[in-house]
Structure formats: structure tokens, C-alpha cells
Amino acid sequence: MAYYEVWGWDAFAREEYLCGRYPSRRKAEDVCVRLRGNAKRSQGSGLRDTFSVREVKGDDIKRQEREKGEQVMWRSYKDESLRECAEQLLKQFRELSPAKLEKGKSQKNSWRKEFRINWKDETDCFDEVSLRPYCRDNGRLRFFMDVSVYCKKTNERGKVTSSLSFEGDLDEVFRWADTKKAVEECVATGKELIRFWWESQEEHG
């Protein structure tokens, strides 16, 4: 039996998404017309979503669902795992006194100290998370966060880096590192880094 899927293309994110599956082409075309109208009213012409109809067979649907399930499995990780890593990293940082951290600062206003967790859970698609403090030109302290991500199917891996948004002097940063807000910012940044790595893998096919 044939079905008809409506697919959208997000011009801003440069990715496609499934809008729905219908038993007849006419129904799918009607949905396309409605979605195009909504996009025209709410989006500018340069970044407007586009929509199309694709015919799929029952076997195609089963294959797509199987591949999607496998892909989810290869990419999977738990928020709780990232949260545990963040809590351990921030604890490592807090256990180092401000005086010792200041003593370890180099002439280039960066610190040689890195706080690292080697994560051993095969159900997560990352195996290392780290925080690296650095000092901006204005004397305020920030962190780089690194996550080592890998594909469970091919074992292809890479490290992605971003900076956390919070900054302050040493005392402010030590107080911040002892809050739930600090943990959640680390978790959100880790999730974004993992998502970015998988998107870059898709782009390079």
C-alpha cells in the first residue's frame, strides 16, 4: 500500500523534517498548500520553509523506522550522565582554592589546570568531558567546556569545544560553581556540543 508523506525544508537550519503521512496524495497536497500559506504569512522570502509530497511504500516506511531507531541508538546519551559529569567537574574546581588557581596562571592569563572526567558508560555517545578556566582581557574568568563524542556504530570520534556564558572574578566564579544554575548551564552546553558534532558529521556525509 502506498502512503504520501509531506516533508518540509527548514531554510534557516538547513534540514528537512517530516510533517505528516497520509493515505492519499490529495490529502497530502492539501496539507502542503496549507503549510505553504502559513509559511508565506509568517516567514520572510529568503528564509521561508518549503514543502513537498513524497510517495512511500509500506516496506519503505519499515526501513525508515528501523534506520531511525538505529540512528537514535548510535547517538543516544542521558541528560543525567551529563549532569553527573558537570557536578563532578564543578566539585573538582571548587576543591582547588582561589589562591592555588591564581598561582597556576601563566603569563598569557590562562591556566594550565584542566578539570576532566573520563566517562565509562557505553550507553552514552561521549566518553570525556572537561572544563578549562581562562581569563579574559578584562580580568574576568570564564570556562571552556570540551566534550569528546563518538559514534557507537563506527567508533568515529571528535572533540567539540565551547565557552560557558557565565563570567566573573575568582570569588564570583567559585560561588557560581556551587549552584544548580552552574550545573544546568554545563548540561545545556554539553547537549549543544553533542548536537553540533552530529550535525557536522551529517554535513560531511
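Analyst: Glu87 is partly exposed, because its relative accessibility of 42% falls between the two cut-offs (buried is under 20% relative accessible area, exposed over 50%, with a 1.4 Å probe and protein chains only). This is a predicted model, where local features need pLDDT of at least 70, side-chain atom pairs count only at pLDDT 80 or more, and totals for chains, interfaces and linings use all residues. Residues are numbered from 1 along each chain as its sequence is written, and side-chain values use heavy atoms, leaving out hydrogens and water.

Glu87 sits in helix α3; helices (H or I, at least four residues) and strands (E, at least two) are DSSP runs, numbered from the N terminus. Between Glu87 and Cys186 the C-alpha to C-alpha distance is 8.9 Å, while the two are 99 residues apart in sequence.

Now for the rings. Rings of Phe, Tyr and Trp (its six-membered ring) pair if their centres lie within 6.5 Å; planes under 30 degrees apart count as stacked, over 60 as edge-to-face and the rest as tilted. That rule gives 9 aromatic pairs. Phe93 and Phe143 are edge-to-face, because their planes stand at 85°, with ring centres 5.0 Å apart. Phe93 belongs to helix α3 (residues 79–95) and Phe143 to strand β6 (residues 141–150), 50 residues apart. Phe93 is buried at 0% relative accessible area, and Phe143 is buried at 2%.

Phe93 also pairs with Phe174: the centres are 4.4 Å apart and the planes at 25°, so this pair is stacked. Phe174 lies in helix α5 (residues 170–176), so the pair ties together parts 81 residues apart in sequence. Ring pairs join Phe93, Phe115, Phe143, Phe166, Phe174 and Trp176 into a cluster.
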